[in-house]
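User: I have a model open and would like to talk it through. Could you start with the overall fold and then move on to the ligand?

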Amino acid sequence: MINNRFFGRRRPEPPRPIPPGQYLEDGFPVLSAGPTPRVDTATWEFTIQSSSANGSEGGSETLGSWDWDALNALPQTDFHTDIHCVTKWSKLDTDWRGVTIDTLFEDAGITDPDDFVMAFCDGGYTTNLPVEDIVDGKGLLAHTYDGEPLAPEHGGPVRLLVPHLYFWKSAKWVRGLKFMDQDAPGFWEGYGYNMYGDPWREQRYTGD
Ligand SMILES: Nc1nc2c(c(=O)[nH]1)N[C@H]1C(S)=C(S)[C@@H](COP(=O)(O)O)O[C@H]1N2
Ligand SMILES: [Mo]
């Protein structure tokens with residue numbers, strides 16, 4: 001007779017389906033490609049920039065910018081959601097508060113966006129996303145986690161949250177979005193991570 005207790009470490013049974021290949025994580029692991037940058041909300045600013053092609057002389061234009069007070073003065077939205085890291089942990093029922101990308105686009109009068117954005121961050125991290133994956137209530141600029149200011153190691157003061165894609169798309173210390181008329185790889189995507197990253201289709205790496 002087989003005693004299953006000897007077959008690997010037992011993981012808790014998820015209360016509802018989680019994406020293939022994932023296991024449940026109770027804690028909140030920190031995964032950063034570099035050191036945690038020191039970000040001062042007194043000088044922090046978030047900008048949305050046009051693609052270079054639209055700007056004069058090949059530069060890009062600023063389509064919207066918000067300092068800390070301006071961000072906090074916008075309508076605030078709560079996300080209650082599961083998150084899925086490509087390193088195979090999933091964390092259920094996380095609570096976030098911030099400003100949706102819809103709200104930013106509306107505030108900036110952006111009605112006809114390009115098809116893709118590159119999110120850019122303090123510290124130099126980037127990640128690419130289709131615009132349709134951050135609008136219609138799917139993307140949040142989050143400043144609060146579990147009722148507290150978002151901790152620096154988790155991307156505070158502000159991170160992007162796009163929970164239906166692998167968590168590497170949720171850029172920490174995010175400082176802006178730059179429109180792109182065609183898709184281009186960000187930091188991890190340039191090292192072979194999937195350009196899109198749908199956890200339910202297990203799109204971890206190029207070709208998945
Ligand atoms: N700026 C920045 N954002 C980032 C990263 C990073 O290294 N730098 N790592 C990504 C990866 S791979 C993951 S899994 C999550 C981890 O977020 P956490 O540290 O809050 O768990 O942040 C993503 N966002
Ligand atoms: Mo990750």
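Analyst: This is a predicted model. Read from the N terminus, the elements of the chain follow the order β-β-β-α-β-β-α-β-β-β-β-β-β.

User: How many helices and strands is that?

Analyst: The chain has 2 helices and 11 strands.

User: And how does the radius of gyration compare with the globule rule?

Analyst: The radius of gyration is 18 Å, close to the 17 Å that the globule rule gives for 208 residues, so the chain is as compact as a globular protein of that length. Along the principal axes, the C-alpha atoms fill a box of roughly 75 × 40 × 30 Å.

User: Turning to ligand 1, where does it sit?

Analyst: Ligand 1 sits in the largest pocket.

User: Which residues come nearest to it?

Analyst: There are 20 residues around ligand 1, and Pro29, Ala33, His154, Arg159 and Lys172 come nearest. By class, this shell has 14 nonpolar, 3 polar and 3 charged residues.

User: How much of the ligand's accessible area does the protein cover?

Analyst: On its own, ligand 1 has 530 Å² of accessible area, and the protein covers 97% of that.

User: A change of topic: which residues does the cis peptide bond join?

Analyst: The cis peptide bond joins Gly156 and Pro157, with omega at about 15°. Pro157 is in the loop between strand E9 (148–149) and strand E10 (159–161). Most peptide bonds are trans.

User: What about Trp173: is its phi positive or negative?

Analyst: Trp173 has a positive phi of about 50°, although it is not a glycine. Most residues other than glycine have a negative phi.

User: Where is Trp173 found?

Analyst: Trp173 lies in the loop between E10 and strand E11 (174–180).

Note on methods. Residues numbered from 1 in each chain as written. Chains lettered and ligands numbered in written order. Predicted model: local features only at pLDDT ≥ 70, side-chain atom pairs only at ≥ 80, totals over all residues. Heavy atoms only, no water. Near = heavy atom within 4 Å. Areas by Shrake-Rupley, 256 points an atom, 1.4 Å probe, with all protein chains shown as cover. 1 Å grid on protein atoms, 1.4 Å probe; cavity = no way out; pocket = protein on both sides within 12 Å on 5 of 7 lines; lining within 4 Å. Sits in = over half its atoms within 2 Å of the grid points. Nonpolar A, V, L, I, M, F, W, Y, C, P; charged D, E, K, R; others polar. Helix = DSSP H or I, 4+ residues; strand = E, 2+ residues; numbered from the N terminus. Rg over C-alpha atoms; globule rule 2.2 N^0.38 Å.
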